[in-house]
Amino acid sequence: MKNCILTMTLLLSITVGFAQDGVNNNREGITISGNLSASEPGMLGVSMEWENAFMNHKRNGSSLINISATGLKYKDGPINVDGTGFAIELGRRTYFKKGTYSGFYSQSFLTYSSTSFNENTPVGKFDGKYSYWSLINGDLGYKINIGKSFSIDPSIGFNWKWEVKGKGDVDNKQFDNFVFRAGIKAGYRF
């Protein structure tokens, strides 16, 4: 867990450094948001979106990083345990309306997630780890700017998970590879 926190802190520091460097290079702004996502696993964390000069077919784009705590339920017969862990998502967003950083958008992420289980059950101690990578996922969303600084950002999408072999008592057969997700972000733009 200590290595996980250290890695997330390092990634966030590097990202903030790049984002701050880009403020003087025609980047429009940075939005820091609280992030809640319902899926398998569920996520609660922090998101950072930095708008940049890169344009996709003359539509504005932005880069994103989400760092979240995860929660996942493992059910198999009499075993019903809750796991906790983390997820890191790096992604790209393109807004549909030309010349703006609000309204409808599509986004895609590179994701890594790891969830650990350690709980006593009626059949003994359950201890294990579930991890996955995802390259094939996408969301559609709508970013609503409230004044110059605040935003609300709901989205829906899917995630195709490439699972790492489960460790300990975790059997990956209890989890789906293709899952839908819905999320919402509430943020402040600098």
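1. A polar contact is a pair of N or O atoms within 3.5 Å; inside a protein, one atom must be able to donate a hydrogen and the other to accept it. Keep that in mind for Glu49 and Lys143, whose side chains are joined by a polar contact of 2.9 Å. The model discussed here is predicted.

2. Start with the overall layout. The protein has one helix and eight strands. Read from the N terminus, the order is α-β-β-β-β-β-β-β-β. There are 190 residues, and 44% of them are buried. Take the contacts with a separation of 6 or more. Residues 24 or more positions apart account for 60% of those.

3. Now take Glu49. Glu49 sits in strand β2. Is this residue buried or exposed? Glu49 counts as buried because its relative accessibility is 3%, and the cut-off for buried is under 20%. Setting aside residues up to four places away in sequence, Glu49 touches Gly29, Ile30, Thr31, Ser62, Ser63, Leu64, Arg93, Tyr95 and Lys143.

4. Lys143 is the partner of Glu49 in the 2.9 Å polar contact. Lys143 belongs to strand β6. Its relative accessible area is 2%, so Lys143 is buried. Which side chain makes a polar contact with the side chain of Lys143 at 3.5 Å? That side chain belongs to Thr31. Beyond its neighbours within four places in sequence, Lys143 has contacts that include Glu51, Arg93, Tyr95, Tyr101, Tyr105 and Asp153.

5. Ser62 also meets Glu49. The two side chains are joined by a polar contact of 2.7 Å. Ser62 lies in strand β3. With a relative accessible area of 0%, Ser62 is therefore buried. Residues up to four places away aside, Ser62 touches Glu49, Trp50, Glu51, Asn52, Gly91, Arg92, Arg93 and Tyr95. Gly29 is 33 residues from Ser62 along the chain, and their C-alpha atoms are separated by 9.6 Å.

6. Next, the nonpolar residues. In soluble globular proteins, nonpolar side chains tend to be buried together. Here the largest nonpolar core has twelve residues: Met43, Leu72, Tyr74, Ile79, Val81, Ala87, Phe117, Phe126, Tyr130, Tyr132, Val170 and Phe175. Which elements give two or more residues to this core? They are β3 (59-76), β4 (79-95) and β6 (124-146). There is also a second, separate core of five residues, and among its members are Ile30, Met48, Trp50 and Ile67.

7. Met43 is one of the residues of the largest core. Leave out its neighbours within four places in sequence. Met43 is then in contact with Asn35, Leu36, Ser37, Ser68, Ala69, Thr70, Ala87, Glu89 and Tyr132. Of these contacts, Ala87 and Tyr132 are listed in the largest core too.

8. Check the backbone at Pro41. Most peptide bonds are trans. The bond from Glu40 to Pro41 is cis, with omega near 5°. Pro41 is placed in the loop between β1 (29-38) and β2 (42-56).

9. How many cavities of 30 Å³ or more does a search of the whole structure find? The search finds three. The largest cavity holds about 140 Å³ of space. Its lining has 18 residues, and Asn35, Ser37, Gln107, Asp139 and Ser155 lie nearest its centre. Two or more lining residues come from each of β1, β4, β5 (103-121), β7 (150-168) and β8 (178-189). β8 gives the most, with five residues. By type, the lining divides into six nonpolar, six polar and six charged residues.

10. The second largest cavity has a volume of about 50 Å³. Thr31, Ser33, Ser47, Met48, Glu49, Leu64, Arg93, Asp153 and Lys185 line this cavity. β1 and β2 are the elements that give two or more residues to the lining. The largest share, three residues, comes from β2. The lining divides into two nonpolar, three polar and four charged residues. Glu49 turns up again here as a lining residue, and so does Thr31, the residue whose side chain makes a polar contact with that of Lys143.

Terms used:
Residues are numbered from 1 along each chain as its sequence is written. This is a predicted model: local features need pLDDT of at least 70, side-chain atom pairs count only at pLDDT 80 or more; totals for chains, interfaces and linings use all residues. Side-chain values use heavy atoms; hydrogens and water are left out. A nonpolar core is a set of buried Ala, Val, Leu, Ile, Met, Phe, Trp, Tyr and Cys residues joined through side-chain atoms within 4.5 Å. Buried means under 20% relative accessible area, exposed over 50%, partly exposed in between (1.4 Å probe, protein chains only). Helices (H or I, at least four residues) and strands (E, at least two) are DSSP runs, numbered from the N terminus. Contact means heavy atoms within 4.5 Å. On a 1 Å grid over the protein atoms alone, a cavity is a set of points where a 1.4 Å probe fits but cannot get out, and a pocket is an open set with protein on both sides within 12 Å along at least five of seven lines; lining residues have an atom within 4 Å of a point. Grid points are joined across faces, edges and corners, and a volume is the space filled by probe spheres set on the points. Ala, Val, Leu, Ile, Met, Phe, Trp, Tyr, Cys and Pro count as nonpolar, Asp, Glu, Lys and Arg as charged, and the others, Gly among them, as polar.
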